[in-house]
Amino acid sequence: HYFAYITQVQIPFQLQLNFVKRLVSTFKIGSDDTRVGLILFSNTVKFEFAMDKYLDVKTIKEHITNLR
């Protein structure tokens, strides 16, 4: 599965993170199921984690929660 979340409107960052965490919770995450990677971008691009780094919802959501 591939999914891209892109917004060009001014939505508070925390609301966007909450949306992504809720979205991640809807998938079956695992090495043989859906994988998640994260790239943040605005004026710059920041690679957060690759699609093979986290293979469970809990650790993905923890990483997202700790973003600033």
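A: Buried here means under 20% relative accessible area, exposed means over 50%, and partly exposed lies in between. The model is predicted. Lys46 is partly exposed, at 49%.

The count comes to three salt bridges. Side chains of opposite charge can pair when their charged atoms come close. Another bridge joins Lys58 to Glu62, with the closest N and O atoms 2.8 Å apart. Both residues sit in helix 2, which covers residues 57-65. They are four residues apart, about one turn of the helix. Lys58 is exposed, with a relative accessible area of 58%. Glu62 is partly exposed, at 37%.

Asp33 and Lys28 form a further bridge, their closest N and O atoms being 4.0 Å apart. Asp33 is partly exposed at 35%, whereas Lys28 counts as exposed at 61%.

Now the setting. The protein chain has two helices and two strands. From the N terminus they run α-β-β-α. Of the 68 residues, 25% count as buried. Strand 1 spans 38-41 and strand 2 spans 45-49. Each supplies at least two residues of a nonpolar surface patch. Ile39, Phe41, Val45 and Phe47 make that patch, about 460 Å² in area. Phe41 belongs to strand 1. The chain as a whole exposes about 5,300 Å², with carbon and sulfur atoms supplying 56% of it.

Methods
Residues are numbered from 1 along each chain as its sequence is written. This is a predicted model: local features need pLDDT of at least 70, side-chain atom pairs count only at pLDDT 80 or more; totals for chains, interfaces and linings use all residues. Side-chain values use heavy atoms; hydrogens and water are left out. Patches are made of residues with over 30% relative accessible area and no salt bridge: like charges are joined within 9 Å, nonpolar side chains (Val, Leu, Ile, Met, Phe, Trp, Tyr) within 5 Å. Accessible areas come from the Shrake-Rupley method with a 1.4 Å probe; for residues, only the protein chains shown count as cover. A salt bridge is a side-chain nitrogen of Lys or Arg within 4 Å of a carboxyl oxygen of Asp or Glu. Buried means under 20% relative accessible area, exposed over 50%, partly exposed in between (1.4 Å probe, protein chains only).
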